[in-house]
Structure formats: C-alpha cells, structure tokens
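These are my notebook entries on a structure that I looked up.

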Amino acid sequence: MTPSSSPLLWLLEVAAASLAGGVVGAISGLGGGIVIVPVLTIFLKIPIDQAIGASIVSVIAVSSGAGSVYVKDRITNVRIAMFLELATAAGAIIGAAWIAPHVRPQLLFILFGLILLFSLLPIFAKLGEELPQNVTSDRMAKFLRLGDSYFDKRLSREVVYDVTGIPPAMALMFAAGIISGVLGIGAGVVKVLAHEIAMKVPTKVSTATSNFMIGVTAAAAAGVYLKRGLVLPFLVVPVATAVLIGALLGTKIMERMSNSMIRKIFALALGVIGIEMLMRGFGVF
C-alpha cells in the first residue's frame, strides 16, 4: 500500500534515500540497503518485507552501475569474484529457500548485529593503513593466480598486491550468501570483511570486487522474494532508478579517495549496520 502523503512527495523521498544509498553502496561496497531499508521502514512506514524486496533489487542496481565502472577501470579482481561467488550464490539459495522459512529472523538479526560490531575491532586496528603490508600469496592463491594490480588515481601509481587466506574467505562468503538469503540483505559487509581481514587485499579492490559480487548474490535470492510477491513495481522502480544514479556518482568519488578514508567510511557503515541489525532483532522497527 502507498503512503497517505502526496504521491509526488513520497516519490521524492524514496528517490532521495535511494540516491544516498547508491552513493554509500558504491563507496563502501555494501549495496544500498544500509540507507534504503531504515528510511523506508522508519520514516516512510513501508512494511519491512516490502522494503527488503526493494533493497534486494537496489543491490542489483548498485552492482550493475558501480561494478561495470570498476571492472572497466581494472580495480575489480574478477578472478577473486568469480571463484568466491560460487560459495556465495550457493549460500544465498540455501538461505532463502531452505533456512528462511524455518528460523526466527529476530535471533539471526541479533547474532548478525553482534558479529558485525565485534568485527570493528580488526578494522580499527588498521584504520589508517593505506595499503596492506607484508602479504604473501598462499599456495591456493598462486595456483588460481588471484594476485593482481590496479592503477590508484589517488596515489598516481600502479599498485601490485598479493592475496592470501582463501579457505577462510570461502567460508565467510558461504556465510554471506546464507545471511543474504535469510535476512534479505546484500551481505556486502561480510564480503568486504572477507576481502579485508582474510584475504588482505587493498580496500579499493575489496570495495570494487564486493560491488561486482553483491549483484549475483542478490539475484540468486531475488527470485525467491519475487515468487513471494514482495517485489512491488511501484516501490522498486524509483528505488532502482535513483540507486543506479547514486552508484555511478559514488564510483567517481571512490576512485579519488584514499584507501584509509574508504576504510573509515566502511567502519562507520559497519557500526550503523550492526546497530540496525540489533534494533531489528529487538523489534524496534
């Protein structure tokens, strides 16, 4: 159902929230749900299940908009994305189709919120770090040739990086898929944590690769939400359109930022998402 306020005002409010969500999602690699879901549910009084359906589509829009730019600029590590997406997509399908109907989402929201807040500790430990130090590619990363390089516009030089921690990263990606399918979020936050903490790739590569991956994960779960009738055209159209514009704008901003600044934005977003998850779990909204 649509809100009782002016349809034009409602449309502008949804578009503004979605535009902001697209910008934040492109910079942080988290998708647009961190902004869109709270605004739709708390301020615009949209039912949470409908807001989640719109959020899933917005994640696909962010991935399509930001992901294409990052791939063109060679920041995205496509090898990492394709390899880890196997675990993420499998987790999303299992979470949405088999786990979601049989669990209490409130408990999962609380658990997920606590995990995210505790995950701030390793992020804070290297908050000011521009590039990872003393990283050597492990045997699996060398076999898969996951190490790569990108041109950093902020540093005005080519950055060559190694990759490590593939097995724990795979486990985190599978968990990210399950979280996405059960809770209806892109779970980009878990993907970024896997890249940052387990694989120790540069923050810009982490953000770009996460943006590339979250659309595939969301698409795997979106079919389930579409079948349940939770993807509403009158809500999804303005959300997806504004998110796409915001994502394209966000890519231009991100490429000019330092890795340490992007990490600080991610840490802020991580704290906001963690608190949001706890609020949902305790029934605040």
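Is Phe234 buried, partly exposed or exposed? I found Phe234 to be partly exposed, because its relative accessible area is 31%; buried means under 20% relative accessible area, exposed over 50%, and partly exposed in between, with a 1.4 Å probe and protein chains only.

I note that this is a predicted model, in which local features need pLDDT of at least 70 and side-chain atom pairs count only at pLDDT 80 or more, while totals for chains, interfaces and linings use all residues. Residues are numbered from 1 along each chain as its sequence is written, and side-chain values use heavy atoms, without hydrogens and water.

**Entry: aromatic pairs**

Rings of Phe, Tyr and Trp (its six-membered ring) pair if their centres lie within 6.5 Å; planes under 30 degrees apart count as stacked, over 60 as edge-to-face and the rest as tilted. Trp10 and Phe234 have ring centres 5.8 Å apart and planes at 35°, so I recorded this pair as tilted. The pair links distant parts of the chain, with Trp10 in helix H1 and Phe234 in helix H10 (residues 233–255), 224 residues apart. Helices (H or I, at least four residues) and strands (E, at least two) are DSSP runs, numbered from the N terminus. Trp10 is buried, at a relative accessible area of 7%.

Tyr150 and Tyr161 form a tilted pair, with 6.5 Å from centre to centre and 55° between the planes. Tyr150 belongs to strand S1 (residues 148–152) and Tyr161 to strand S2 (residues 157–161), so the pair ties together parts eleven residues apart in sequence. I found both Tyr150 and Tyr161 buried.

**Entry: nonpolar cores**

I looked up the largest nonpolar core, which has 60 residues; Leu40, Val163, Met199 and Leu235 have the most contacts inside it. Such a core is a set of buried Ala, Val, Leu, Ile, Met, Phe, Trp, Tyr and Cys residues joined through side-chain atoms within 4.5 Å. Helix H3 (residues 48–72) gives the most to this core, with ten residues. A second, separate core of 18 residues includes Leu30, Ile179, Val190 and Leu193.

**Entry: a buried serine**

Which helix holds Ser206? I located Ser206 in helix H9 (residues 203–227). Ser206 counts as buried because its relative accessibility is 0%. Leaving aside neighbours within four places in sequence, Ser206 is in contact (heavy atoms within 4.5 Å) with Val192, His195, Glu196 and Val201.
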